[in-house]
Amino acid sequence: MTSAPTSLSQGFGSFLQRITRSADMVLAILFILVLGMLIVPLPEWLLDLLLVVDIGGSALILLSAFYTVEPLQFSIFPSLLLIMTLFRLALDVAATKLILGTGHAGEVIAAFGKFVVGGNYIVGIIAFLILVVVQFVVITNGAGRVAEVAARFTLDAMPGKQMAIDADLNAGLINEEQAKERRKQIELEADFYGAMDGASKFVRGDAIAAILIIIINIVGGFALGLSRGGDVMSVLQSYTLLTVGEGLVSQIPALLISTATGLIVTRAGSEKPIAQAFFQQLFQGTRPLIIVSGLMAMLALLPGFPKLQLLVLAAAAGGGAFFLTRRAEEEQKRALKESEKQKLAANAAPKGPEAVLPLLNVETIELELGSGLVPLALPEEGGDLAERVGGVRKQIAMELGIVLPTVRIRDNLQLRPNQ
């Protein structure tokens, strides 16, 4: 019974491996197909398929950005943003050809024009303009500004980060390979934020192009409909609905991509996925929830406000505060039990002359100094012994290929002052 699913998963895995090995060829073919969409008219069924792929791909990109911990984990995002923008504009051109040429543009655009906006082109135009305003004015401008500031700060901080890496290398805290890896990480971070600063302009250009395309489609469709002898209102109704549906189909994926851009460039100060950091930091205290619960309950007492919704929200906030309080008390009790166990273990450990376990920790290489030579190892007194030892380790590694262990420098009062 399990052989069929296993063979199916193995076949799918081998198929993905083949695509990965020939990824450059696949990407080149996709680019050629996108360029062909700008020239060759598409049938309605193929346009429907590509529109669904656009929506699903945009949702996949948004969720990938949502679960990204560090921006460099999604380093292909600037290039991917350019590809998706070109693909969406090619779809707009293909849909425009069908709308103006045949008066039909497939089931997806027709569904957005009839079902989503209720068959009212005025409502559709207003909804389209709201989406464009939200994307262009709110998300795109904010994400572009954050990307610009992040790129500037990253470039300004590069010399200091490189000096810190050199200092750790000279002090023997890291080896040459670790230093190369850190330098490469800094370069990748600078390249990524610089690319994001430019890639955010693609989203802005996409919003402007969407407005121009919908205006051209409405005017062109109205002129073509009148030239074919149609009624003014029927022509305006049919072409405007199709144009608004096409605009909504293209703007929803664009809005998802804009949100993904904002999520990528605003990731900072957290080493967890954004969902975990969101709930952990937003609900880390009970006082805000208690205040919100009281505020919702007070609003429910005012005349004209929906009492049921406000009371449900007040109960939810109060229940959340109660749950967080109980959890904090349980964690505090658990911490007290752990501290008591550690105290008992410490009291049970041998002390005095029998406490020999700490003496077993012996350094591989150790340099002991008498009291008169201690200032040589103190940087605040001008001592550079640690840097010199790090330089010797580096020279030995480069000339002989031998990596010496870290040298521990300590004082020993049993030695003579200058020994």
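Predicted model: local features only at pLDDT ≥ 70, side-chain atom pairs only at ≥ 80, totals over all residues.
Colleague: How many helices and strands does the chain have?

Modeller: From the N terminus on, the elements run α-α-α-α-α-α-α-α-α-α-α-β-α-β. The count for the chain is 12 helices and two strands.

Colleague: What percentage of the residues of the chain count as buried?

Modeller: A residue is called buried when its relative accessible area is under 20%. The chain has 419 residues, and the share that counts as buried is 28%.

Colleague: What share of the contacts with a separation of 6 or more comes from residues 24 or more positions apart?

Modeller: Contact here means heavy atoms within 4.5 Å. Among contacts in the chain with a separation of 6 or more, residues 24 or more positions apart account for 79%.

Colleague: Which residues does Ile109 touch, not counting residues up to four places away in sequence?

Modeller: Ile109 is one of the residues that touch the most other members of the largest core. With residues up to four places away in sequence not counted, Ile109 touches Leu47, Leu51, Ala95, Leu242, Gly245, Glu246 and Val249.

Colleague: Which residues of helix 3 are buried?

Modeller: Helix 3 has 23 residues, and its first and last C-alpha atoms lie 33 Å apart, close to the 33 Å expected at 1.5 Å a residue. An α-helix has 3.6 residues a turn, so residues three or four places apart point the same way. The buried residues of helix 3 are Leu47, Asp48, Leu50, Leu51, Asp54, Ser58, Ile61, Leu62 and Ala65.

Colleague: Which residue just after helix 4 takes a positive phi?

Modeller: The phi in question is about 80 degrees. The residue that takes it, just after helix 4, is Gly103.

Colleague: Is Thr85 buried or exposed?

Modeller: Thr85 has its place in helix 4. Not counting residues up to four places away in sequence, Thr85 touches Phe202 and Asp206. Its relative accessibility is 8%, so Thr85 counts as buried.

Colleague: How far apart in space are Phe31 and Ile83, C-alpha to C-alpha?

Modeller: Phe31 has its place in helix 2, and at 34% relative accessibility Phe31 counts as partly exposed. Leaving aside neighbours within four places in sequence, Phe31 is in contact with Ile83 and Leu86. Phe31 and Ile83 are 52 residues apart in sequence, and their C-alpha atoms are apart in space by 8.4 Å.

Colleague: What separates the C-alpha atoms of Ile139 and Val203?

Modeller: Ile139 lies in helix 6. Its contacts, leaving aside neighbours within four places in sequence, are Val134, Leu255, Ser258 and Thr259. Ile139 and Val203 are 64 residues apart along the chain, and the separation of their C-alpha atoms is 9.6 Å.

Colleague: How many nonpolar residues are in the lining of the largest pocket?

Modeller: The largest pocket holds about 780 Å³ of space. Its lining has 22 residues, with Leu30, Val53, Leu80, Ile83 and Met84 the closest to the centre, and helix 2, helix 3 and helix 4 each give two or more residues. The lining has no charged residues and four polar ones, and the nonpolar residues number 18.

Colleague: Which helix gives the largest share of the lining of the second largest pocket?

Modeller: The second largest pocket has a volume of about 320 Å³. Among its 16 lining residues, Asn175, Glu176, Arg393, Ala397 and Val403 lie nearest the centre. The lining divides into eight nonpolar, four polar and four charged residues. The largest share, five residues, comes from helix 12.

Technical notes: Residues numbered from 1 in each chain as written. Heavy atoms only, no water. Core = buried A, V, L, I, M, F, W, Y, C linked by side-chain atoms within 4.5 Å. Buried < 20%, exposed > 50% of the residue type's maximum accessible area, 1.4 Å probe, protein only. Helix = DSSP H or I, 4+ residues; strand = E, 2+ residues; numbered from the N terminus. Expected span 1.5 Å × (residues − 1). 1 Å grid on protein atoms, 1.4 Å probe; cavity = no way out; pocket = protein on both sides within 12 Å on 5 of 7 lines; lining within 4 Å. Points joined across faces, edges and corners; volume = space filled by probe spheres on them. Nonpolar A, V, L, I, M, F, W, Y, C, P; charged D, E, K, R; others polar.
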